[in-house]
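Welcome, and please take a moment to look over the structure below. The report that follows walks through it piece by piece.

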Amino acid sequence: MGAAPAPANIRTWSQSVTATPWAKPSGQRKYRRRLVIGLAIVCVALGLAVSAWPEEGQPGLRQNRSQDPSSFGWVRAGAMVPFSWQGNNFGEVAAGTERLWTAMLDELVPAIPGGLTNELGCYQNRRNANNPGVWSFHSYGLACDINYGDNPNGAAGYGRSGLHVIPGEVATDIAAKYCMLWGGDFRGVTDPMHFEIHVTPAQISVWLAGAGAAAAAGPGG
Ligand SMILES: [Zn+2]
């Protein structure tokens with residue numbers, strides 16, 4: 001665009017700074033118009049990208065994509081509390097997350113053939129087994145492993161079946177509802193035993209005051 005007058009401007013620009021003062025403002029206007037159009041395109045593209053993320057869960061919950069929980073309000077090896085679901089011992093989880101785990105398990109466990117085994121675990125202060133450069137969500141008390149013997153690290157998230165196997169289609173939907181990520185969906189090494197929380201402490205509080213109030217009053221207590 002604007003190609004036609006360019007040769008004249010280019011030819012005269014160096015000499016026209018003094019000779020033809022109108023040449024420079026003209027070039028600036030063109031540049032400004034391109035900048036505005038370019039910025040508009042970037043804004044639209046960003047808007048589309050953001051709206052394409054399936055990150056909304058139950059009211060109050062919004063998925064944070066960061067792989068570093070300290071960037072969204074959590075403390076590694078911080079305050080932990082014992083957690084159990086219907087008498088099944090999960091060890092410890094980050095204080096404040098118990099009812100989110102309860103609500104998720106209330107939906108997930110009935111969909112697992114045979115339910116839970118005693119192979120369960122959450123808080124563990126260690127690095128990510130599949131990516132040792134980063135701390136595991138387990139080290140924040142924000143990840144739980146469920147029926148780990150039947151859903152081992154590296155096993156496929158989808159297409160497996162059997163006693164104590166976590167069904168992929170159900171797991172991914174329930175995880176999304178609570179703004180968790182399910183390890184069966186991980187790119188690279190899949191880890192179908194693994195669920196991790198991607199919301200802030202403040203979002204859990206909002207959720208508990210609304211949708212979570214009913215969910216958390218369920219049989220898991
Ligand atoms: Zn795990």
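## Around Arg-76

Apart from neighbours within four places in sequence, Arg-76 is in contact with Ser-70, Trp-135, Ser-139 and Tyr-140; two residues are in contact if their C-beta atoms, placed from the backbone, lie within 7 Å. Arg-76 sits in the loop between helix 2 (23-52) and strand 1 (80-85). Helices (H or I, at least four residues) and strands (E, at least two) are DSSP runs, numbered from the N terminus.

A residue is buried if 20 or more other C-beta atoms lie within 10 Å of its own, exposed if 12 or fewer, and partly exposed in between, with C-beta atoms placed from the backbone.

## The model and its confidence

This is a predicted model, in which local features need pLDDT of at least 70 and side-chain atom pairs count only at pLDDT 80 or more, while totals for chains, interfaces and linings use all residues. Residues are numbered from 1 along each chain as its sequence is written.

The mean pLDDT of the protein is 84, and 78% of its residues reach 70 or more; pLDDT is the predictor's confidence in each residue, from 0 to 100. Over residues 1-23 pLDDT stays under 50, and the model has 9 contacts beyond four places in sequence for them.

## The overall layout

The protein has 6 helices and 6 strands. Read from the N terminus, the elements run α-α-β-β-α-β-β-α-β-β-α-α. Of the 221 residues, 29% count as buried. Among contacts with a separation of 6 or more, 63% are between residues 24 or more positions apart.

## Strands and how they pair

Let us begin with the hairpin. Strand 1 and strand 2 form it with 2 residues between them, and Gln-86 in the turn has a positive phi of about 45°. The two strands run antiparallel and are joined by 5 bridges, strand 2 covering residues 88-94; strands pair if DSSP finds at least two bridges between them. Met-80 has Ala-94 as its bridge partner in strand 2, and Trp-85 has Asn-88.

An open sheet is formed by 4 strands in the order 3-4-6-5, with antiparallel pairing. Strand 3 (120-121) and strand 5 (180-182) stand at the edges, each with a single partner strand, so one side of each is left without a neighbour in the sheet. Strand 5 is joined to strand 6 (residues 194-197) by 3 bridges, and these strands run antiparallel. Within this pair, Leu-181 has Glu-196 of strand 6 as its bridge partner. Helix 4 (residues 168-177) packs on the sheet and touches strand 5 and strand 6; its direction makes about 160° with that of strand 5 (axes are lines fitted to C-alpha atoms, for helices over the stretch in contact, and angles run from 0 to 180 degrees between N-to-C directions).

Cys-179 lies in the loop between helix 4 and strand 5. With 24 C-beta neighbours inside 10 Å, Cys-179 counts as buried. Not counting residues up to four places away in sequence, Cys-179 touches Gly-57, Leu-61, Arg-62, Gln-63, His-198 and Val-199. Arg-62 is 117 residues from Cys-179 in sequence, yet the two are 6.2 Å apart in space, C-alpha to C-alpha.

## Two helices, two patterns

Helix 3 (residues 98-108) is mostly covered, with 8 of its 11 residues buried. Among them are Leu-100, Trp-101, Met-104 and Leu-105.

In helix 5 (residues 201-209), the buried residues include Gln-203, Ile-204 and Trp-207. They cover an arc of only 100° around the axis, which puts them on the same side of helix 5; the arc is that of the directions from the helix axis to the C-beta atoms. On the other side of helix 5, Ala-202, Ser-205 and Ala-209 are exposed.

## The nonpolar core

A nonpolar core is a set of buried Ala, Val, Leu, Ile, Met, Phe, Trp, Tyr and Cys residues joined through C-beta atoms within 7 Å. Of the 38 residues in the largest one, Val-93, Met-104, Cys-144, Ala-175, Tyr-178, Met-180 and Phe-195 touch the most other members. Helix 3 provides the largest share of this core, 6 residues. Cys-144 is in contact with Phe-90, Val-93, Trp-101, Cys-122 and Phe-195, leaving aside neighbours within four places in sequence.
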